[in-house]
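Dear colleague,

Please find the structure below, handed over for your records. My notes on its disulfides follow.

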Amino acid sequence: DCERASAADEKAICGNRALNDLDVSMALLYRLDRRFLPMGGRDALIGQQQAWLKSRGQCAASVSCLTAAYQQRIKVLQDIIDSRVVTQGPF
């Protein structure tokens, strides 16, 4: 919610269309992964996401840093779908 953005990274994401689009893509993949992973996998994913959000904050307002962080996270989340959900089916 950009109305509540207070940290530098949050403000940068809200102020940059490309970062905002990456945020939406990442959030969609994260929600899909959470839905399709079994409970143990879900708990691990939630912990990883919280750690990622913390590390994203270290980028502050650096668009290049935030872009790289999002691209890496999107790849990880897409890999979960490709390797665990597509091959083994939803749980």
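**Disulfides in the chain**

C59 and C65 form a disulfide, with their sulfur atoms 2.0 Å apart; the term denotes a pair of cysteine sulfur atoms within 2.5 Å. The torsion about the S-S bond of C59 and C65 is about -60°, so this disulfide is left-handed. C59 is buried, at a relative accessible area of 9%, whereas C65 is partly exposed, at 30%. Here buried means under 20% relative accessible area, exposed over 50%, and partly exposed in between, with a 1.4 Å probe and protein chains only.

Please note that this is a predicted model, in which local features need pLDDT of at least 70, side-chain atom pairs count only at pLDDT 80 or more, and totals for chains, interfaces and linings use all residues. Residues are numbered from 1 along each chain as its sequence is written, and side-chain values use heavy atoms, with hydrogens and water left out.

By the rule above, the count comes to two disulfides. C2 is joined to C14, at an S to S distance of 2.0 Å. C2 lies in the segment before helix 1 (8–15) and C14 in helix 1, so the pair ties together parts that are twelve residues apart in sequence. Helices are DSSP runs of H or I of at least four residues, numbered from the N terminus. With a torsion of about -95° about the S-S bond, the disulfide of C2 and C14 is left-handed. C2 is partly exposed at 41% relative accessibility, and C14 is partly exposed at 32%.

When the bonded cysteines of the chain are numbered in sequence order, the pairing is 1-2, 3-4.

Yours sincerely

Methods:
Helices (H or I, at least four residues) and strands (E, at least two) are DSSP runs, numbered from the N terminus.
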